[in-house]
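Reader: I have just opened this one and would like a slow walk through it. Could you take me along the chain and then into the details?

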Amino acid sequence: MSSTEPVPDLEAGILYWATQPANYDGVLGGFGTGSLPRVDALGSRRFLLDLLPELSTVPSPFRNLSAPTSETRRVRALDVGAGVGRVTSDVLLPLVSDVVLLEPVEPFINEARSRGKASESGVELNDSGYRVLWKGIADKSKSVTFFKGALQSFDPAAPGTPLDRVGYLPPDGDDDKESKFDVIWCQWCLGHLKDDDLVQFLQMSKKALRDARSLIVVKENLCREQGNEPVTVFDEQDSTFTRFVRSDYVLQKSLL
């Protein structure tokens, strides 16, 4: 990328998102009250179950009988750029045991934490006024651990001190804070990273995976390619490459 081309600015991006409503509508750019959240979550859960069918909570002909099951160990996921906890609530908690949630924007992480706390006490209303409880939090069968921070400075293998935790707590004397992950979920947030920061984050994430079956899931919008040339569209509004991120060619080069 040429030095004259614009690049993401972390502080400018955080300042922009801090002005948006701390709800589904705000984090989804005005599409939080229609069908998008439900369709997106359903598609994400189906995608994850296709890759890890042992996460299915019901008997399935696609279940890999030789793979580890949720009964043999707790399945952990990391949700980065998590906003108010939409993916944590609607995609990950229905399938995994423990989620680590990372978000840099203060109003968003405060709202996510509030939703988690409300779920723990059994009282929460979503943006439309319907009761929505994060699965497994009230009965403490599952957990969410909250971290406030940016991807540029976050090491998944050594996350540091959490902001809070709701739901399940490890037995006395145990600490799962630095345990490795079965799934690292990155959705609509990697455009906030410069190329070097993206490579560094993915390399650190790889080291934080539990085993060979563990996954880094990248769900992003892609701009159109122009032959085999790398293409990047910069969004000046939030100082990121989000919304039209990197072309498939550029993203694959970053992942290699």
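Reader: What does the secondary structure of the chain come to?

Author: The chain has seven helices and six strands, where helices (H or I, at least four residues) and strands (E, at least two) are DSSP runs numbered from the N terminus. Read along the sequence, the pattern is α-α-α-β-α-β-α-β-β-β-α-β-α. This is a predicted model, in which local features need pLDDT of at least 70 and side-chain atom pairs count only at pLDDT 80 or more, while totals for chains, interfaces and linings use all residues. Residues are numbered from 1 along each chain as its sequence is written, and side-chain values use heavy atoms, with hydrogens and water left out.

Reader: OK, and in what order do the strands sit in the sheet?

Author: The six strands form an open sheet with mixed pairing, in the order β4-β3-β2-β1-β5-β6; two strands count as paired if DSSP finds at least two bridges between them. The edge strands, each pairing on one side only, are β4 (164–167) and β6 (215–219). From one strand to the next the twist averages 15°, with axes taken as lines fitted to C-alpha atoms, for helices over the stretch in contact, and angles running from 0 to 180 degrees between N-to-C directions.

Reader: Which way do β2 and β3 run, and what stands opposite V99?

Author: Strands β2 (residues 98–103) and β3 (residues 143–148) run parallel and are joined by six bridges. V99 stands opposite V144 in β3, and L101 stands opposite F146 in that strand.

Reader: And how many bridges join β3 to β4?

Author: Four bridges join them, and β3 and β4 run antiparallel; S143 has G167 in β4 as its bridge partner.

Reader: Is β3 largely enclosed or open, and why?

Author: Strand β3 is largely enclosed by the rest of the structure, because five of its six residues are buried, meaning under 20% relative accessible area, with exposed being over 50% and partly exposed in between (1.4 Å probe, protein chains only). Across the chain of 256 residues, buried residues make up 45%.

Reader: Switching to helices, what does α6 lie across?

Author: Helix α6 (residues 195–207) lies across β1 (76–80), β5 (183–187) and β6, and runs at about 145° to β6; contact here means heavy atoms within 4.5 Å.

Reader: Where is R115, and is it buried or exposed?

Author: R115 is found in helix α5 (residues 106–121), and it is buried, with a relative accessible area of 6%.

Reader: How many cavities does a search of the whole structure find?

Author: The search finds two cavities of 30 Å³ or more, a cavity being a set of points, on a 1 Å grid over the protein atoms alone, where a 1.4 Å probe fits but cannot get out. About 450 Å³ of space lies in the largest cavity, a volume being the space filled by probe spheres set on the points, which are joined across faces, edges and corners.

Reader: What lines the largest cavity?

Author: It is lined by 28 residues, of which G81, G83, E103, W188 and C189 are the closest to its centre; lining residues have an atom within 4 Å of a point. The largest share of the lining, four residues, comes from α1.

Terms used
On a 1 Å grid over the protein atoms alone, a cavity is a set of points where a 1.4 Å probe fits but cannot get out, and a pocket is an open set with protein on both sides within 12 Å along at least five of seven lines; lining residues have an atom within 4 Å of a point.
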